[in-house]
Amino acid sequence: MVHPAAEAGHILVPEELGADITPRDGAGVALPPADRLRADRSDRAVRLEDEEVTERVRVGVIGLGVGRHHVEAYRRTAEAELVALADANETLLRQRQREYGVETGYTDYRALLERPDIEAVSVAVPNDLHRQVVLDALAAGKHVLCEKPLARTVAEGREIALAVRQSGRVFLMAFNNRFRPESQLLKRLVEEGVFGDLYYLTTGWLRRRWILPRGSWFGYRERSGGGPLIDLGVHMLDLALWLAGFPPIRRVVGFTHDRLARARATPEDPVDVEDFAAATVFLETGAVLHLATSWVGHIEARDRVWLEVLGTQAGASLVREVTLAGTVEERCALHEERHGVALTSTPLLVRTDPALSTYQESILNEVRHFLQCILTGQPPIAPVEHGLRVLEVLEAIYQAAAAGREIEPGQTAAGPA
Ligand SMILES: NC(=O)c1ccc[n+]([C@@H]2O[C@H](COP(=O)([O-])OP(=O)(O)OC[C@H]3O[C@@H](n4cnc5c(N)ncnc54)[C@H](O)[C@@H]3O)[C@@H](O)[C@H]2O)c1
């Protein structure tokens, strides 16, 4: 039987997203407080404070770079029992096992997948391995939470999407930025029509200085699929397209720059991806979307992340800035005109767990949603189809930049596919 969560393209309103997401004060959304659940690890059942009993999902995590944040989130979540870890780097694997008190670890992820007691896995391996690891996980009957991007190319992404549909398993794209309270708020307001018709979205993630270690797979197109566009741009493009309701794309203009990347390349570390990318994406609704992203560039902050939407009735802006001193500034504001007065208001956003960074919190919310989808059958808010749609636009941007002309997604630079 096909799991209801495998239904394509369904977008949920925030209230449907996991437990306890309820509007507060007409502005914020409340995500579940971390301390509400008390786990009883001695059996599969977990007792909530109000004596409800829920089930736990037995999970494994494959890849322990950013995957460690998945591990931490599962450990904070009563609906998960973390059974095993896998990483090809044995030193790192053993270190993480000790750090998190996980007894079982595998250097070959296939050994983890062979365990019939593990129902779900997070896949957080380098981009060139997403396709194989996800296909193997689905073939082994596991539900999958897959790190972004879905894959390096649309062709790989299509293979994954087909396998997901055939498997009937839950598949969630790890678009963690959707799980920030401010993103959830904007989505709800868009769906309630507060902004009217959206006609302009501008978004981006500019980074001032390389944070890639020398020799990192991120720097090699063959392994990563590209530079900051597929690494950071993927998040912001997803967020903007999700807010806009994933309308069809009419055409794409793209620009990539790689002189700073080439200046960094050495014979031992032949970086061959872009260091900056920008794009204009024309949506079928008539709206236009601007995207800019970099791994290195002469900007004021260490990281500058933004999303601004303009609608016929109102607008909104999100900004997250990591200053050179390392402090983080996050702003979310709504802009409108009432009684002939231009008003800007700052919503009160309810944090799931203020002890966590907003990044950790987004992954906690993402992991909880994944588990809820498995336990209740609700469809994931970031299904494989969204991962694929985003990848199609990214690929079109790269093609448009290489060809020096507009591209329609699904069309190669040489002409229609
Ligand atoms: N959502 C986010 O915020 C976010 C942040 C960073 C990275 N990512 C994504 O997560 C994925 C991993 O990125 P990362 O930064 O953790 O990279 P990383 O290189 O730091 O970590 C990847 C890990 O995978 C392990 N690995 C490699 N081959 C393996 C194999 N065959 N079997 C098991 N383990 C294997 C490596 O040893 C390494 O520990 C990428 O797809 C990346 O785009 C997402």
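Tutor: Let us begin with a term: two strands pair if DSSP finds at least two bridges between them. Helices (H or I, at least four residues) and strands (E, at least two) are themselves DSSP runs, numbered from the N terminus. This is a predicted model, in which local features need pLDDT of at least 70 and side-chain atom pairs count only at pLDDT 80 or more, while totals for chains, interfaces and linings use all residues. Residues are numbered from 1 along each chain as its sequence is written.

Student: With that in hand, how many residues lie between E17 and E18 in their hairpin?

Tutor: E17 and E18 form a hairpin with 5 residues between them, and Gly326 in the turn has a positive phi of about 95°. The pairing of E17 with strand E18 (residues 328-338) is antiparallel and extends over 9 bridges, and Ala314 has Glu336 in E18 as its bridge partner.

Student: In what order do the strands of the open sheet with mixed pairing stand?

Tutor: As a general idea, in a regular strand the side chains alternate between the two faces of the sheet. Here 8 strands form an open sheet in the order E13-E14-E15-E12-E16-E17-E18-E19, with mixed pairing. Strand E13 (249-257) and strand E19 (341-345) are at the edges with a single partner strand each, so one side of each is left without a neighbour in the sheet. Neighbouring strands of this sheet are turned by 10° against each other on average, direction ignored. At one of its ends, E18 and E19 run antiparallel and are joined by 5 bridges, with Ser345 in E19 as the bridge partner of Leu334.

Student: Which strands are the edge strands of the open sheet with parallel pairing?

Tutor: That sheet has 6 strands in the order E8-E7-E6-E9-E10-E11, and its pairing is parallel. Its edge strands are strand E8 (104-106) and strand E11 (171-174), each of which pairs on one side only. Neighbouring strands of this sheet are turned by 25° against each other on average, direction ignored. Strand E10 (residues 143-147) runs parallel to E11 and is joined to E11 by 4 bridges, and Leu145 has Leu172 in E11 as its bridge partner. Helix H10 (residues 358-376) packs on this sheet, where H10 touches strand E6 (57-62), strand E7 (80-86), strand E9 (120-123), E10 and E11, and the direction of H10 makes about 175° with that of E11.

Student: How should I read two helices that pack together?

Tutor: Two packed helices are described by the angle between their axes and the distance between the axes. Axes are lines fitted to C-alpha atoms, for helices over the stretch in contact, and angles run from 0 to 180 degrees between N-to-C directions. Angles under 35 degrees count as roughly parallel, over 145 as roughly antiparallel, 65 to 115 as roughly perpendicular and the rest as oblique.

Student: At what angle do H5 and H11 cross?

Tutor: The axes of helix H5 (residues 154-167) and helix H11 (residues 384-403) cross at roughly 170° and come within 9 Å, which means that H5 is roughly antiparallel to H11. Two residues are in contact if their C-beta atoms, placed from the backbone, lie within 7 Å; the contact includes Val154, Gly157 and Arg158 of H5 and Val384, Glu385 and Gly387 of H11.

Student: And what is the angle between H8 and H11?

Tutor: Helix H8 (residues 228-243) packs with H11 at an angle of about 120°, their axes being 10 Å apart, and H8 is therefore oblique to H11. Among the residues that meet there are Leu229 and Ile230 in H8 and His386 and Arg389 in H11.

Student: Which backbone features deserve a second look?

Tutor: Most residues other than glycine have a negative phi, and most peptide bonds are trans. The peptide bond from Lys148 to Pro149 is cis, with omega near -15°, and Pro149 lies in the loop between E10 and H5. Phe246 is not a glycine and yet has a positive phi of about 50°; Phe246 is in the loop between H8 and E13.
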